[in-house]
Amino acid sequence: MSNDIVIGCIGLGVMGEPICANLVRKSGCRVRGFDLREEPLARLAEQGLEAARSAEDAARGAAVVFLSLPGGPELAAVGERLLGAMGQGTVLVDLTTAPVDLTRDLAARFATNGIAYADAPVARTRLAAERGELCVMVGADATTFARIERYLRCFASDVLHCGEVGCGQVVKLMNNMVLFEIGGAIAEALAIGRQSGVAPEVLLDALTQGSADSFALRNHARNAMLPRSYPERAFSTRYALKDLEYALALAEQAGVDAPGARLVRERFRRAIEAGDRDRYWPVIAEHIARERDS
């Protein structure tokens, strides 16, 4: 382990904790982390993480700082605090899924302090994060991307340079928008098939072998919709709605109508109103199945 390079990790939640664990194991650097909760800090300390007292403490002296936060409001607040804590020549890598305009505004402010900025939102599941098999979509200039790529590959099997700052967020938001729309279509198909006499597992087998095959079908449908298992501490409905709201805001800015995304947004809202805000977002299948009775 190199004692002269420090990596900071701020936000050790569902995705942040396994990402940080991979950095501890594979980066060859000292890793200093902070979270508002003690539990992930204690678990990671057993693996070699240095626990920080605050976000600023995690960032001071670090060559690269990773953020993994719930969304835009948290990013804006933590980013403000880090502006004075990080030194010139360092890099802030934001793994949060956040609004594009906020990302570009923060990047410009950090640049005035001599701090490089990369938006690098992650895709795939917590299990993929634990295995180091995430997909990371990076918005950064070529120099910054070259500096951080080896660290990203500690927790990602696919690292995509999508363009300048903000482009990583654009690609991630479109990824999630498409995923949610496909998930909604699968849920509709399951409800129609069930009411028409076809068992869900039979329908999913057929769709998987046909032209409707997709990641959502093989993962979200088989692992959540089919067994009707929608745990908490996964990608919750409220976080899915947050991402979809960002995508729809981007669509509005681009002057593009997105009725399919608006329909899924309405279904997320109904699921949240029914008490499923913290359950895994494919729970919308349960609500779609009940729409015929409402």
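In this predicted model, the largest pocket has a volume of about 1400 Å³. Its lining comprises 50 residues, and those lying nearest the centre of the pocket are Val 14, Met 15, Leu 69, Phe 235 and Tyr 239. Two or more lining residues are contributed by each of helix 4 (72-82), strand 7 (122-123), strand 8 (134-139), helix 8 (167-195), helix 10 (215-225) and helix 11 (237-254). The greatest contribution to the lining of the largest pocket is that of helix 8, which supplies 6 residues. By class, the lining of the largest pocket consists of 25 nonpolar, 12 polar and 13 charged residues.

The second largest pocket has a volume of about 220 Å³, and its lining is formed by 13 residues, with Thr 125, Leu 127, Asn 219, Asn 223 and Tyr 280 lying nearest its centre. Helix 6 (126-131) and helix 10 are the elements that give two or more residues to the lining of this second pocket, and helix 10 gives the most, with 4 residues. Helix 10 is also listed among the elements that give two or more residues to the lining of the largest pocket. The lining of the second largest pocket divides into 6 nonpolar, 4 polar and 3 charged residues.

In soluble globular proteins, nonpolar side chains tend to be buried together. In the present model, the largest nonpolar core contains 37 residues, of which Leu 23, Phe 66, Val 93, Leu 134, Val 138, Leu 152 and Phe 155 touch the most other members. Helix 1 (residues 16-26) provides the largest share of this core, with 5 residues. Once residues up to four places away in sequence are set aside, Phe 155 touches Ile 19, Asn 22, Leu 23, Phe 66, Leu 95, Val 122, Gly 132, Glu 133, Leu 134 and Val 136. A second, separate core, with 36 residues, includes Leu 203, Tyr 230, Ala 258 and Ala 271.

Thr 90 counts as buried because its relative accessibility, 9%, falls under the 20% cut-off. The side chain of Thr 90 reaches the backbone oxygen of Gly 87 at a distance of 2.5 Å. When neighbours within four places in sequence are left aside, Thr 90 is in contact with Ala 62, Ala 63, Gly 114, Ile 115, Ala 116 and Arg 147.

Technical notes. Residues are numbered from 1 along each chain as its sequence is written. This is a predicted model: local features need pLDDT of at least 70, side-chain atom pairs count only at pLDDT 80 or more; totals for chains, interfaces and linings use all residues. Side-chain values use heavy atoms; hydrogens and water are left out. On a 1 Å grid over the protein atoms alone, a cavity is a set of points where a 1.4 Å probe fits but cannot get out, and a pocket is an open set with protein on both sides within 12 Å along at least five of seven lines; lining residues have an atom within 4 Å of a point. Grid points are joined across faces, edges and corners, and a volume is the space filled by probe spheres set on the points. Ala, Val, Leu, Ile, Met, Phe, Trp, Tyr, Cys and Pro count as nonpolar, Asp, Glu, Lys and Arg as charged, and the others, Gly among them, as polar. Buried means under 20% relative accessible area, exposed over 50%, partly exposed in between (1.4 Å probe, protein chains only). A polar contact is a pair of N or O atoms within 3.5 Å; within protein, one must be able to donate a hydrogen and the other to accept it, and residues adjacent in sequence count only if both atoms are side-chain atoms. Contact means heavy atoms within 4.5 Å. A nonpolar core is a set of buried Ala, Val, Leu, Ile, Met, Phe, Trp, Tyr and Cys residues joined through side-chain atoms within 4.5 Å.
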